[in-house]
Amino acid sequence: MSLTEKAMTRLRELIQSGELPPGTKLPPEQQLAAELGVGRNIMREAVRALVAARVLEVRRGNGTFVTSLQPRVLLEGIGGAVELLQGDTMLELTEVRRLFETAATGLAATRISALQLAEVKGHLEAMRAAADDVELLNQHDLAFHRAVVAATGNETLTMVLEGISSRTLRARVWRGLVDADAAGHTLREHEAIYLALAAGDAIQAQAAALMHITTTETWLRAHLPEER
């Protein structure tokens, strides 16, 4: 472990222990370096790395602070990291989405409010109206799933799936361009999810989401080699 990594570990320990709670301003540079047992340059490198990881934030003219450490802050970079993944990761991401989103949809059925259900229905209707426009259809498709996952009230789960879906959106676009009946299938699958949510049926909602994502995954397994 390098000195910079050791300094980062020590800073994380201070944050985890509550000595540097969310929103706290870091001590002066010289004092912090002494507390970490490293030189100022090493300390600065450690701070820069934690700023990049959204653990710390620099407020110009005011110093460096611990962020809120909320999921929406710490997990915001997942989508960007996913976009940089190399190799045959599309199927892996779809598998992750299948595991997480099916469970999330089932959970949403037990927690969704009338207002949230109306939002989901609105996205479904927008999908119907955009049936002949592949890209617009897929934008509403993504918004539909965002609204469903948001209804779980689980911000961590929401941020993780948001990062994954930003990549798998491309798969749905490919499917729409290649499969002439993709719009029809997509609408039927989303309607089944909506009806299960409206009924408050967690098992049926989870099954409908599993069917929908498995359809995409099956299509990917058949067509991804061609796209590459």
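In what order do the elements of the chain run from the N terminus on? They run α-α-α-β-β-α-α-α-α-α-α-α-α, and the secondary structure comes to eleven helices and two strands. Helices (H or I, at least four residues) and strands (E, at least two) are DSSP runs, numbered from the N terminus.

This is a predicted model, in which local features need pLDDT of at least 70 and side-chain atom pairs count only at pLDDT 80 or more, while totals for chains, interfaces and linings use all residues. Residues are numbered from 1 along each chain as its sequence is written, and side-chain values use heavy atoms, with hydrogens and water left out.

## Overall form

Along the principal axes, the C-alpha atoms fill a box of roughly 65 × 45 × 30 Å.

## The two strands

Strand β1 (residues 56–59) pairs with strand β2 (residues 63–66) in the antiparallel sense over four bridges; two strands pair if DSSP finds at least two bridges between them. Leu-56 stands opposite Val-66 in β2, and Arg-59 has Gly-63 in β2 as its bridge partner. The hairpin of β1 and β2 has three residues between the strands, and there Gly-61 takes a positive phi near 80°.

## Helix packing

| Pair | Angle | Axes apart |
|---|---|---|
| α7 (residues 114–129) and α10 (residues 182–199) | about 165° | 10 Å |
| α6 (residues 90–111) and α10 | about 40° | 7 Å |
| α6 and α8 (residues 134–150) | about 60° | 8 Å |

The angle of about 165° makes α7 roughly antiparallel to α10, since angles under 35 degrees count as roughly parallel, over 145 as roughly antiparallel, 65 to 115 as roughly perpendicular and the rest as oblique. The crossing of α7 and α10 is left-handed, a term used if the near helix is turned anticlockwise from the far one by less than a right angle, with right-handed used if clockwise. Their contact (heavy atoms within 4.5 Å) includes Leu-117 and Lys-121 of α7 and His-190 and Tyr-194 of α10.

In the contact of α6 with α10, Thr-105, Ala-108 and Ala-109 of α6 meet Ile-193, Ala-196 and Leu-197 of α10.

Helices α6 and α8 are, by their angle of about 60°, oblique to each other, and α6 passes α8 in a left-handed crossing. Here Arg-97, Glu-101, Ala-104, Thr-105 and Ala-108 in α6 meet His-145, Val-148 and Val-149 in α8.

Conventions: Axes are lines fitted to C-alpha atoms, for helices over the stretch in contact, and angles run from 0 to 180 degrees between N-to-C directions.
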